[in-house]
Amino acid sequence: SLPEIMEEILELSRGRLKKADIIVDHCICHYGQKEENPLDSIYFFRKDQIGARLVDDQKYKSLLPQSFIDKNLRVYCREPRKSAAVEAAFTEWTRKRGATSPFLTFSQDNSYS
């Protein structure tokens, strides 16, 4: 759960961060059918044939994404001066979990304050 993840990240910061310093968010994006390939339920027409048919996904396999759902865990830092501590704790958290390396971006947007 998000509160548990937040506590783990705070613990990994070794006292450099408090609960008020970070926001943890879980974002799931998909193509409307969760993990299913949306092309499996769409019929296509060809000008030179009568009737519609499903696409042979083996034919287009190299063009299709490997996964049809993205799951992202985002950690926002409220204080720019604490961003290094957030980065270190989140990187260690992902490493311990065997997750993919964190993709880190920084913003000067202070609207979360």
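Partly exposed here covers a relative accessible area between the buried limit of under 20% and the exposed limit of over 50%. Glu 8, at 29%, is therefore partly exposed. Keep in mind that this is a predicted model.

**Salt bridges**
- The count comes to six salt bridges.
- Glu 8 pairs with Arg 97 through their side chains, at 2.9 Å from N to O.
- Arg 14 and Glu 92 make another salt bridge, their closest N and O atoms lying 3.3 Å apart. Glu 92 sits in helix α2 and Arg 14 in the loop between α1 and β1 (22-30), so this pair ties together parts 78 residues apart in sequence.
- Glu 92 is buried at 17%, whereas Arg 14 is exposed at 57%.
- Lys 82 and Asp 21 meet at 2.9 Å, N to O. Both are buried, Lys 82 at 14% and Asp 21 at 6%.

**Cysteines**
- There are zero disulfides in the structure.
- Cys 27 is buried at 18% relative accessible area, while Cys 77 is partly exposed at 29%.

**Second largest pocket**
- This pocket holds about 160 Å³ of space.
- Its lining includes Phe 44, Arg 46, Asp 56 and Tyr 60.
- The lining residues split into four nonpolar, no polar and four charged.

Note on methods: Residues numbered from 1 in each chain as written. Predicted model: local features only at pLDDT ≥ 70, side-chain atom pairs only at ≥ 80, totals over all residues. Heavy atoms only, no water. Disulfide = S-S within 2.5 Å. Buried < 20%, exposed > 50% of the residue type's maximum accessible area, 1.4 Å probe, protein only. 1 Å grid on protein atoms, 1.4 Å probe; cavity = no way out; pocket = protein on both sides within 12 Å on 5 of 7 lines; lining within 4 Å. Points joined across faces, edges and corners; volume = space filled by probe spheres on them. Nonpolar A, V, L, I, M, F, W, Y, C, P; charged D, E, K, R; others polar. Salt bridge = Lys/Arg side-chain N within 4 Å of Asp/Glu carboxyl O. Helix = DSSP H or I, 4+ residues; strand = E, 2+ residues; numbered from the N terminus.
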